[in-house]
Amino acid sequence: MEYVTSAAFPYMPAVAIFELALSGFEVYLTYRQRKRFEPSQVLTKELATIVPEDKFVKSQLYGYDKCTFSIVSDIFSSALHTAFHFMYVYPKLWDLSLDVMVWMRPGVWTSENEIIRTFVFGIITSLLDKVISLPFDIYGTFVLEEKYGFNRTTVGTYIKDFFIGILVGLAIGTPLLPCLWYIIDKSGPLLWLYFWLFVSCFSIFLTVIYPSVIAPLFNKFTPLEEGKLRQGINEMAASINFPLSKIYVIDGSRRSSHSNAYFYGIFNKGIVLFDSLLDQCKGHDERVLAVLCHELGHWKEGHTRKGLAFGLAHMLFVSYLYGLTASNKQLFESFGYKDTPHLIGLMLFSEILTPMDSVVSLLMNWVSRRHEYQADRFAKKMGYDQALGDALTSMHIENLSNMNPDPWYSAYHNSHPTLLERLRALGVQPTPGLIEEIKEAEKRKEEKEAAEAAEEERNDQVPLVVKKDN
């Protein structure tokens, strides 16, 4: 079948060239950041008072390897995506989805069954995407993260997560696709409005069910045990009228030693602490409280409400633009499609939206950095400035975070200020002895991991029993 078309406006080449140029720019930014991780870069005097030299060196090596991996994977994915455009791979897969339908139910399913065909197309493209991304994901998890001691994911856990992810995608996509198709097919000139209402409501619905339905499929959530820390969290929440209902500890260390904490919920709120964060702050509950105070600062300052409002407004604008392009036959022809299936049109619209997405992402990172400063100021106002400074320093060191950022890369990619920027804004320096404390904790961690490895090796050794003849 001939896929090359003569559409009046070359949408596909224009989109492909822009995406290629954007990818090239992002690779250049990563290259700039990679230069900041080279061995010639030395520990500055200001950082030397905060970060142990061996940790700085390890952080530099980790960042260098991550940047190298990012450059390789970005070049590969960009080149492959461009090739897919000019080879009309997706229109060919759209035709293949019809062949699969006819093969499954000959004489029953035809080209008129667009919903079924879209569902088959979605499965084929999703499987293709997973096959392409799987080697990079495996390398990132079991080679890169393993090399620097972060990976805790076993092969069994990885496989389990992989298939659970597929099942969750099917559970969400199965009702979502026909609903979207019906709205696009029946809405007429008010498509933009009904599309916005449905997508907004569905997104809020997923936000509500994710903590209680989806997240527990991947991690174990255990209520935080009674004690001073739980009491301190409850008192802090009550002091600012935060509607706290539950406090959980998540077994994040089962997959990675990176630490975090967050709150969830639209109406009744809950707090989730990574067990790795509790380990890093062991014996220093005030640091955990400081991290949570920062997170609650986002709520108190209205960042979640502002984010929701901006998201809905942005989606309304995007929906309006989609309404203008949904019936554009030249758009379909330029990408190689002979017909105008509804959800293919939605996929193509997401392609031509790439320029605006990059601008919005840049703007949101700038807003996010401002919000981080405001949340830090809230923690300082609550009296947690020193504890937050110590916690941030400890988390940055333990997570081998970027301590030598390139300004261009940081402005484009980073949603958080750097460690030094946050400490300056808080007006604090790490508590004397923190570096020694981190070194001792690292030593205990290494001894524990060595003991666990030795125990695992002993368990793997099966004694050979020789049976003697009587």
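A residue counts as buried under 20% relative accessible area, as exposed over 50%, and as partly exposed in between, with a 1.4 Å probe and protein chains only. By that definition Lys 147 is exposed, with a relative accessible area of 56%. The model is predicted: local features need pLDDT of at least 70, side-chain atom pairs count only at pLDDT 80 or more, and totals for chains, interfaces and linings use all residues. Residues are numbered from 1 along each chain as its sequence is written, and side-chain values use heavy atoms, with hydrogens and water left out.

**Overall architecture**

- The chain has 18 helices and 4 strands; these are DSSP runs numbered from the N terminus, helices being H or I with at least four residues and strands E with at least two.
- Along the principal axes, the C-alpha atoms of the chain fill a box of roughly 80 × 70 × 50 Å.
- Of the 470 residues of the chain, 42% count as buried.

**Salt bridges**

- A salt bridge requires a side-chain nitrogen of Lys or Arg within 4 Å of a carboxyl oxygen of Asp or Glu; by this rule the count comes to 12 salt bridges.
- Lys 147 forms a salt bridge with Asp 65, and their closest N and O atoms are 2.8 Å apart. Lys 147 lies in helix H5 (residues 114–147) and Asp 65 in helix H3, so this pair ties together parts that are 82 residues apart in sequence.
- Asp 95 forms a salt bridge with Arg 117, with 3.5 Å between the closest N and O atoms. Because Asp 95 lies in helix H4 and Arg 117 in helix H5, the pair ties together parts that are 22 residues apart in sequence.
- Asp 251 and Arg 254 meet through their side chains in a salt bridge of 2.8 Å, N to O. Asp 251 counts as buried at 16% relative accessibility, whereas Arg 254, at 31%, counts as partly exposed.

- The structure holds 1 cavity of 30 Å³ or more. On a 1 Å grid over the protein atoms alone, a cavity is a set of points where a 1.4 Å probe fits but cannot get out, and lining residues have an atom within 4 Å of a point.
- The largest cavity has a volume of about 80 Å³, a volume being the space filled by probe spheres set on the grid points, which are joined across faces, edges and corners.
- The lining comprises Phe 84, His 85, Tyr 88, Tyr 90, Pro 91, Phe 335, Tyr 337, Met 347, Leu 348 and Glu 351.
- Helix H3 (53–86), helix H4 (89–104) and helix H13 (342–352) each supply at least two residues of this lining, and H13 gives the most, with 3 residues.
- The lining residues divide into 8 nonpolar, 1 polar and 1 charged; Ala, Val, Leu, Ile, Met, Phe, Trp, Tyr, Cys and Pro count as nonpolar, Asp, Glu, Lys and Arg as charged, and the others, Gly among them, as polar.

**Nonpolar surface patch**

- Ile 204, Val 208, Ile 266, Phe 267 and Leu 308 make a nonpolar surface patch of about 450 Å². Patch residues have over 30% relative accessible area and no salt bridge, with nonpolar side chains (Val, Leu, Ile, Met, Phe, Trp, Tyr) joined within 5 Å and like charges within 9 Å; accessible areas come from the Shrake-Rupley method with a 1.4 Å probe, and for residues only the protein chains shown count as cover.
- Ile 204 lies in helix H7 (residues 191–214) and is partly exposed, with a relative accessible area of 32%.

Notes:
On a 1 Å grid over the protein atoms alone, a cavity is a set of points where a 1.4 Å probe fits but cannot get out, and a pocket is an open set with protein on both sides within 12 Å along at least five of seven lines; lining residues have an atom within 4 Å of a point.
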